Every structure is written in structure tokens, then in C-alpha cells.
Amino acid sequence: MNDLVLALDIGGTKIAAGLVDPDGAVVHHAQRPTPDRDAETVWEAVAALLAEVREAAPGRVSAVGIGSAGPIDVPAGTVSPINIGAWTGFPIVRRVADLTGLPVTLGGDGLCMALGEWWCGAGRDADFLLGMVVSTGIGGGLVLDGAPYHGRSGNAGHVGHVVVEPGGAPCTCGGRGCVETVASGPHLVRWARGQGWTAGADARELAAAADRGDPVALRAFGRGADALARTIASVAAVCDLDLVVVGGGVAKAGALLFDPLREALTSYAGLDFLGGLRVVPAELGGDAGLVGAAALARPPRFG
């Protein structure tokens, strides 16, 4: 085996690294918790993980691809993840290049998820794709005309901050009424608790309650699905999408989320050119970000 890409997926909870072969298969994977300490301690965790994974390589490693929580600055090669407070303008590209001696490519974690699903997952037959991660927050990325779309700074696709409730709940971004304040896991639970639900503490337990027919839990998922449908219809109309791939912890609720989402979408996506728009579950799970980061570093079909 040769010509591997070392892929890195940086998040506020965990940092994952893997070796990805030319067909998009993750042939080695390792991860560790993201330290909640100073910037250099976080970097030390990244450096140790990179060394561990590179040592396990069964062939030549030709490049490094990084997907990071944002905001990011692709031209500057820096990251300032909201959920890694110690990293503000951290020069991740330079630090990784100095450590490995390899060419390094940076992208947002939402873009990498979308790109991974486009290359090897649920989006293999799509040219205009939105990937969404619905979990503790809501992230996203765009593949347009078969190529990743970074935008000016690398932050295109931040669909979690599409406003679906003007004047709604405050969001971590500083705005109000973003879809993240309605449809992310913690906010589904928060709304359900406000309606009297007391049977659990997180979105997984809320989904289990909905499966049992709990009326408040079902309404919570319906409300979140409606907000996601409004977001998807808006982005699809702007970008002329043919497919939306939804992953993340909340998406694991399956039909509880996807059935009301697809039903609501028929009310919002009324334009003729959106008639064929499909919304499907992601296939790659936690590997999507690594596969997409590898695709950024060594593009499979785009230049």
C-alpha cells in the first residue's frame, strides 16, 4: 500500500487522525480527547496523534489534509474554533507542515464531511450537494459542480446560522433564531423540557421517548425537522442543489427526523427546479471528516 494521506479532524470534544488510501478507505484510525487547556497543550495532543498515526503507515504518506471546527481562515492557514477557546488564530497549517515536512491542506469540518460523503458515501451520485451535521451544533459544507466550495475565507456552508425564527433564541454566533437554536440536540431537549418533558437528559433519550410515542418528544422532533426543512429549502434554492446528506448524532434518530423533515420540505421547496431534491442519511459516520480531509489534500476527481 502506498501514497496515503494523513487526515486530521479537529473538534472541541475529540481530535481524530487517520490514514486514507487512494480509494478513500480509512486504513488506520486513532483519536484522543481535545485538551481543555492552553494552546500549546492542545497542539501537543495533535502532534502526538500525528506522530502515532504516521508511524503506523504501511506505505508512503504524501500529504496531510486537515478538517477543523471553525471559524477558519484558509488563506492564512489558521483556525479559531469556537469550541477550542485556547486556539484563536492558531497557525495549524504551518505547525503541521513544520512537523511533518509534507504539503498541508486546510478545510472546515463541515466541508470535509460533505466532501467525504460525496466521494465515498451517500453523495456519490450528486454534483450539487449540501452536507449537514446535526448534533450538539449544526454545521455544513457544500460541494458544487463536483468541487468543494470554500468561499472567501473557507467558511462557506455554515448553514447552522441560517435564521429560521426572526427574533428567536440567542445563538452562540451572536445572532438570534438560527436553525442551531431550534434543531440541534441540546435545543431539542431544552424545548421539550419547557413543554414538561422530564424523562431524560439528552437527545438520545428524547429520541427513545419519541419512539415510545411520547407526544412532547414527537413534537420536539417535528419542530426541529421543520426548521431544518426551512434551512434546506433556502440553501437549495440559492445553490440549485440536487442532494442533501444529513449526519450527526441527531440524525441517528432516523425516521423520527427524516420523515417529518421530508414532509415539511414539500411545503418550502416549491420551485420547479427543486422538484428532484433528495434528503438522505449520511453513510460514513465518524469517518466522513477524515475521508473529506484526505480528498482536499489529494483531490479524487476535481482540480
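Here is a walk through the structure above, from its overall build to a few local details. Please keep in mind that this is a predicted model.

Let us begin with the whole chain. Its secondary structure amounts to nine helices and twelve strands. The radius of gyration is 19 Å, close to the 19 Å that the globule rule gives for 303 residues, so the chain is as compact as a globular protein of that length.

Next, the division into domains. Domain 1 is made of two stretches of sequence, 4-113 and 287-297, while domain 2 covers 125-281. Between the C-alpha centres of domain 1 and domain 2 there is a distance of 26 Å.

Where the two domains meet, twelve residues of domain 1 are in contact with 16 residues of domain 2. Together the domains bury about 920 Å² between them, and carbon and sulfur atoms account for 68% of that area. What about polar and charged links across this boundary? Two residue pairs are in polar contact across the interface, both at pLDDT 80 or more, and the count of salt bridges between domain 1 and domain 2 is zero. On the side of domain 1 that touches domain 2, the elements giving two or more residues are strand S5 (72-73), strand S7 (104-108) and helix H3 (109-120). The residues on that side of domain 1 divide into eight nonpolar, three polar and one charged.

Salt bridges do occur in the structure, and there are nine of them. As a reminder, side chains of opposite charge can pair when their charged atoms come close. One example to look up is the salt bridge joining the side chains of Arg 60 and Asp 3, at 3.5 Å from N to O. Arg 60 lies in the loop between helix H1 (39-55) and strand S4 (61-68), and Asp 3 in the segment before strand S1 (4-10), so this pair ties together parts that are 57 residues apart in sequence.

Finally, two backbone details are worth a stop on your tour. In the loop between S4 and S5 you will find Pro 71, and the peptide bond leading from Gly 70 to Pro 71 is cis, with omega near 5 degrees. The other detail is at Asp 145, in the loop between strand S9 (138-144) and strand S10 (147-149). Although Asp 145 is not a glycine, it has a positive phi of about 55 degrees.

Notes
Residues are numbered from 1 along each chain as its sequence is written. This is a predicted model: local features need pLDDT of at least 70, side-chain atom pairs count only at pLDDT 80 or more; totals for chains, interfaces and linings use all residues. Side-chain values use heavy atoms; hydrogens and water are left out. Domain bounds come from an automatic or database domain assignment. Contact means heavy atoms within 4.5 Å. Buried area is the accessible area (1.4 Å probe) that two parts lose on being put together, summed over both. A salt bridge is a side-chain nitrogen of Lys or Arg within 4 Å of a carboxyl oxygen of Asp or Glu. A polar contact is a pair of N or O atoms within 3.5 Å; within protein, one must be able to donate a hydrogen and the other to accept it, and residues adjacent in sequence count only if both atoms are side-chain atoms. Helices (H or I, at least four residues) and strands (E, at least two) are DSSP runs, numbered from the N terminus. Ala, Val, Leu, Ile, Met, Phe, Trp, Tyr, Cys and Pro count as nonpolar, Asp, Glu, Lys and Arg as charged, and the others, Gly among them, as polar. The radius of gyration is taken over C-alpha atoms; the globule rule is 2.2 Å times the number of residues to the power 0.38.
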